[in-house]
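Work through the exercises below with the sequence and the model in view. Each task is followed by a solution in steps.

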Amino acid sequence: MKAYATGLLAAAALFALPTTASAHRQWLLPSVTTLAGTDGWVTVDAAVSNDLFDPDHFPMQTDQIQVTQPDGSKGQIQNAATGRYRSMFDVQIDKAGTWKIGTASSNLGGTFTLNGETWRVGARRGPPAGAPGMPPRGPEGGERPAGAGGPGGPGGPGGPGGFAPAKSVASAAEIPAGATDIKLTETINRNEFFVTAGEPTTTVLKPTGKGLEFDPVTHPDDLVANEPARFRFLIDGKPAAGLTVTVIAGGKRFRDGEHALTLTTGADGTVEVKWPFAGVYWLNATATDNHASDKRAAERRMSYTTTLEVPAP
């Protein structure tokens, strides 16, 4: 009993940190991340909400979900469905090794002026007002889903998941030659998790060398509550030093606040995470620089998110 009480006090002390302001965030919640064999399935909830892993706002769309099998080949989702507050889908885990499941996007968004009118870049028409899971439209197309890309970051104007105003083009390539006051921002977003059947493998963990990426030292499916984990972050293949990494445990409704852990990467781009207790955690890192792929874009905004399952010893 004494050891149990000491553990609770340690967890409380670790979480007695400044609480991050709550905001709408995208998350993917798998039913399991480790399987003994290759005859199992993973069911995934996908939503945008105020409290992590508690669907209370609206669903993520499943058309952009990508599945990468342990050998690097493309897999698929099955049984996708969208409800009022969350989407759901299944992935059949029929190959040994580590799978990657999630979304990855790279977009250019912003505005330009043509004949005295402001146009947007990278916006698209959203579903009809009142469509299942979507809020009513307001001025200029209405509310944009939080977490969608755009010059304002996740959920910003011009994002691929937003609603287009009357004057818009689908991509930067469609900006007319006579356009002036061009203001573009590149966004690169990743939101993914990993599932391992049998022994962990690393093929799906190999970085591409583009944008902000997760290059873990500790395998993401080999975590234990009483053992610290080390994760490396890269930007364009190089260590991302001084990067802020936020770690939040699910189950805020059962605590007195969000109590985020805020960590900073070292010179080698790594952070060490000490898990205060077993559970499911949301990890996010963001970065901004001026190395956009299009010379007309003044800024590049990058975000990486993963969901991690940390079992008890």
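**Exercise 1: L35**

L35 has a relative accessible area of 18% and is therefore buried (buried means under 20% relative accessible area, exposed over 50%, partly exposed in between, with a 1.4 Å probe and protein chains only). The model is predicted, so that local features need pLDDT of at least 70 and side-chain atom pairs count only at pLDDT 80 or more, while totals for chains, interfaces and linings use all residues. Residues are numbered from 1 along each chain as its sequence is written, and side-chain values use heavy atoms, with hydrogens and water left out.

Task: Locate L35 in its strand and list what it is in contact with, leaving aside neighbours within four places in sequence.

Solution. Step 1: L35 lies in strand β2 (residues 34-35); strands (E, at least two residues) and helices (H or I, at least four) are DSSP runs, numbered from the N terminus. Step 2: contact means heavy atoms within 4.5 Å. Step 3: by that rule, L35 is in contact with G40, V42, I93, V195, T196, A197 and G198. Step 4: A197 is 162 residues from L35 along the chain, yet their C-alpha atoms are separated by 4.6 Å.

**Exercise 2: T307**

Task: State whether T307 is buried or exposed, and find the backbone oxygen that its side chain reaches.

Solution. Step 1: find T307 in strand β19 (residues 297-310). Step 2: its relative accessibility is 4%, so T307 counts as buried. Step 3: the side chain of T307 reaches the backbone oxygen of L28 at 2.7 Å. Step 4: residues up to four places away in sequence not counted, T307 touches L28, P30, F53, E192, F193, V280 and Y281.

**Exercise 3: strand β7**

Solution. Step 2: two strands pair if DSSP finds at least two bridges between them. Step 5: β6 and β7 form a hairpin, with four residues between them.

**Exercise 4: aromatic rings**

Task: How many aromatic pairs does the structure hold, and over which ring does the charged end of R25 sit?

Solution. Step 1: rings of Phe, Tyr and Trp (its six-membered ring) pair if their centres lie within 6.5 Å; planes under 30 degrees apart count as stacked, over 60 as edge-to-face and the rest as tilted. Step 2: the structure holds ten such pairs. Step 3: the ring centres of F112 and W119 are 5.9 Å apart and the planes are at 20°, so this pair is stacked. Step 4: both F112 and W119 are buried. Step 5: a cluster linked by ring pairs comprises F194, F214, F231, F233, W275, F277, Y281 and Y304. Step 6: the charged end of R25 sits over the ring of W282, 5.2 Å from its centre (the rule asks for NZ of Lys or CZ of Arg within 6 Å of the ring centre and within 35 degrees of the ring normal).

Definitions and conventions
Polar contact = N/O pair within 3.5 Å; in protein donor to acceptor, adjacent residues only side chain to side chain.
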